[in-house]
Amino acid sequence: MPEFGSPYSTLSSSKKVSKEELIRAIRFFISAEYEAIQLYEEIAEATDDKLAKEVLYDIANEEKVHAGEFLRLLKELDKEEEDFYKEGEKEVEEIIEKLKIK
Ligand SMILES: [Fe+2]
């Protein structure tokens with residue numbers, strides 16, 4: 001299950017990351033948050049233990065907050081990244097509008 005194979009896990013405090021390395025690390029962290037959400041919710045759905053279910057859903061929601069923090073940070077570090085997200089949002093908005101017409 002856990003994989004600690006991040007290319008960033010072996011960095012020592014003496015090595016500084018470039019801005020591009022930082023941006024790639026943030027993207028990696030976002031994917032890790034989504035992976036954690038998936039795992040916690042999957043196990044929460046699969047157990048009848050009420051306490052574990054409640055705690056797992058609570059932690060999954062905290063991971064969503066973390067994902068939001070990382071996404072906001074990513075937008076700040078890479079202004080072009082936000083343009084791509086906006087482009088994707090616009091494409092979905094167009095599909096939503098198209099479906100409303102029918
Ligand atoms: Fe997290």
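Which residues are linked with Arg27 in a network of salt bridges? The views below start with the answer.

**View 1. Arg27, Asp78 and Glu81 form a salt-bridge network.** Asp78 and Glu81 are the partners linked with Arg27 here. A salt bridge means a side-chain nitrogen of Lys or Arg within 4 Å of a carboxyl oxygen of Asp or Glu. Searching the whole structure turns up eight salt bridges. Please keep in mind that this is a predicted model, in which local features need pLDDT of at least 70, side-chain atom pairs count only at pLDDT 80 or more, and totals for chains, interfaces and linings use all residues. Residues are numbered from 1 along each chain as its sequence is written, and side-chain values use heavy atoms, with hydrogens and water left out.

**View 2. The chain is built from three helices and zero strands.** Read from the N terminus, the elements run α-α-α. Helices (H or I, at least four residues) and strands (E, at least two) are DSSP runs, numbered from the N terminus. Of the 102 residues, 18% count as buried; buried means under 20% relative accessible area, exposed over 50%, and partly exposed in between (1.4 Å probe, protein chains only).

**View 3. Ile23, Ile26, Ile30, Leu74 and Leu77 make up the largest nonpolar core.** Such a core is a set of buried Ala, Val, Leu, Ile, Met, Phe, Trp, Tyr and Cys residues joined through side-chain atoms within 4.5 Å. Helix H1 (19-46) and helix H2 (50-77) each give two or more residues to this core, and H1 supplies the largest share, three residues. In soluble globular proteins, nonpolar side chains tend to be buried together.

**View 4. Glu76 meets both Arg72 and Lys79.** The salt bridge of Glu76 with Arg72 spans 2.9 Å, N to O, while the one with Lys79 spans 3.3 Å, N to O. Because Glu76 and Arg72 are four residues apart in helix H2, about one helical turn separates them. Glu76 is partly exposed at 41% relative accessible area, whereas Lys79 counts as exposed at 52%.

**View 5. Glu21 pairs with Lys15 in a salt bridge.** Their closest N and O atoms are 3.5 Å apart. Both ends can be looked at in turn: Glu21 is partly exposed at 24% relative accessibility, and Lys15 is partly exposed at 41%.
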